[in-house]
Amino acid sequence: MGPTASGKTALAVSLVERFPLEIISVDSALVYRGMDIGTAKPDAATLARAPHHLLDIRDPTEAYSAAAFCDDARRLMADIVARGRVPLLVGGTMLYFRALLQGLDDLPRADATLRKDLEAEAAARGWPALHAELAVVDPATAARLAPNDSQRIGRALEIFRLSGTPMSALLDQARADLPYRVLQLALVPSDRAVLHQRIADRFDAMLAGGLLDEVETLRRDYVLKPDLPSMRAVGYRQTWAYLDGDIDMKALREQGIAATRQLAKRQLTWLRSWPDAVELDCLAEDMEAQATARVARHLQP
C-alpha cells in the first residue's frame, strides 16, 4: 500500500522476481480499458516480467465498486493459492484494501432518490457545504475527503441518512473472514517534498507521453460523460476540462499536479491510522531490501 508515485509497482515487480507471488492490482482506475497513460498503468515490458490481475476489466463507461473488487480479489486469491503461489495485492485505493480486510457488508445499498436529493442540495449549496455537514456527523470520514470530492461525500452522507450511523463506524463494525495470514507493507515517504516532486515529474511525463491524445481517443470511442467515475480520476478530470476549453495548458498542468498531491495526502491520511501496517520509507535506499526481508520471513512455514 502507499500513495501515488511511492514506487509500489517497482517494488512489487522486484518481489515477484524473488518469490512465488502473483500481483492483484488494488486500483480503481487501472481497471479501465484505454486508460493507460493517465493511470501510470504498467507497460508491456513490466507486465511481461510480472503479470497483474484486475487490469483492463471494465470499459470507462462502466462502474466498478469496492464490493465488486472484493468479489474479484477473493476469487483470484483462492485461484492463486490453489496453484501453490501467494497473492500480492498492490495499489493505492485504500477503500478497496479496507473493504477486503474488514468488509463492507453492513453498508446500506445506494438509494437513487436520496442521491438525487443530495445532488440537488450540492447544486444549491456547493459540495464544500455538504462536506462541512459530513464533518459534523462523521468527522473521521470527512477528514480523509477533499471538500469537492462529490462522489465520496455524497456516499458518506447517503449512508448516514439511511442508517443513522456514520460510515466510519459501520466500517469499524464490519469484519471480514479472509482465510490468510496477511502482511501489510505501507510505503510512506520520509520527505513529503520529494514525493511532491516525483508527482510533478510523473504528471509532466504523462503530458509528454500523450495524455491529451489518450483522453481524446476515449471521448471519441466511448459515450463518456465527465461525471463518470473513470473520468473523475485524477488527471482525466483536468484533461477533460482542457479539451472542453475550460482551462489552458498551464492550468491543466497545475491543477493535475495539485489534484494528484491531494490524492497522495488522502492516501497517507488512511495509512497513518492503518492497523497492523509495517511502514517502510519509500525514499530509503534499502527500502527494497527491507521489504524483501519482511516478505521472506512472512513466507517461511
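This briefing covers the overall build of the chain, its aromatic pairs and a handful of individual residues.

The model is predicted, so local features need pLDDT of at least 70 and side-chain atom pairs count only at pLDDT 80 or more, while totals for chains, interfaces and linings use all residues. Residues are numbered from 1 along each chain as its sequence is written, and side-chain values use heavy atoms, with hydrogens and water left out.

The chain holds 14 helices and 5 strands. These are DSSP runs, numbered from the N terminus: helices are H or I with at least four residues, strands are E with at least two. The radius of gyration is 19 Å, close to the 19 Å that the globule rule gives for 301 residues, so the chain is as compact as a globular protein of that length. That radius is taken over C-alpha atoms, and the globule rule is 2.2 Å times the number of residues to the power 0.38.

**Overall build**

- The C-alpha trace spans about 60 × 45 × 35 Å along its principal axes.
- Of the 301 residues, 47% are buried. Buried means under 20% relative accessible area, exposed means over 50%, and partly exposed lies in between (1.4 Å probe, protein chains only).
- Contact means heavy atoms within 4.5 Å. Take the contacts between residues at least 6 apart in sequence: 75% of them join residues at least 24 apart.

**Aromatic pairs**

- Rings of Phe, Tyr and Trp (its six-membered ring) pair if their centres lie within 6.5 Å; planes under 30 degrees apart count as stacked, over 60 as edge-to-face and the rest as tilted. By this rule there are 3 aromatic pairs.
- F69 and Y96 are stacked, because their ring centres are 4.9 Å apart and their planes meet at 15°.
- F69 sits in helix α3 (residues 66-82) and Y96 in helix α4 (residues 94-102), so the pair ties together parts that are 27 residues apart in sequence.
- F69 and Y96 are both buried.
- W270 and W274 form a tilted pair, at 6.1 Å centre to centre with 50° between the planes. Both W270 and W274 are buried.
- Ring pairs also join Y64, F69 and Y96 into a cluster.

**Residues in helices and strands**

- Q238 belongs to helix α12 (residues 236-243). Its 7% relative accessibility makes Q238 buried. Beyond four places in sequence, Q238 touches I247, L252, Q255, G256 and A259.
- Q184 lies in strand β4 (residues 184-188). With 11% relative accessibility, Q184 is buried. Beyond four places in sequence, its contacts are M1, L101, W274, P275, D276, A277 and V278.
- From Q184 to D204 is 20 residues in sequence and 31 Å in space, C-alpha to C-alpha.
- L95 is part of helix α4 and is partly exposed at 30% relative accessibility. Beyond four places in sequence, L95 touches A66 and W270.
- L95 and S28 are 67 residues apart in sequence, yet 9.5 Å apart in space, C-alpha to C-alpha.

**Loop residues**

- Most residues other than glycine have a negative phi.
- A40 has a positive phi, near 55°, and is not glycine. A40 lies in the loop between β1 (21-26) and α2 (44-49). At 33% relative accessibility, A40 is partly exposed.
- L54 also has a positive phi, about 70°, without being a glycine. L54 is placed in the loop between β2 (52-53) and α3. At 7% relative accessibility, L54 is buried.
- Y222 occupies the loop between α11 (211-221) and α12. At 23% relative accessibility, Y222 is partly exposed.
- Beyond four places in sequence, Y222 touches R33, D59, P60 and T61. Y222 and T61 are 161 residues apart in sequence, but 7.1 Å apart in space, C-alpha to C-alpha.
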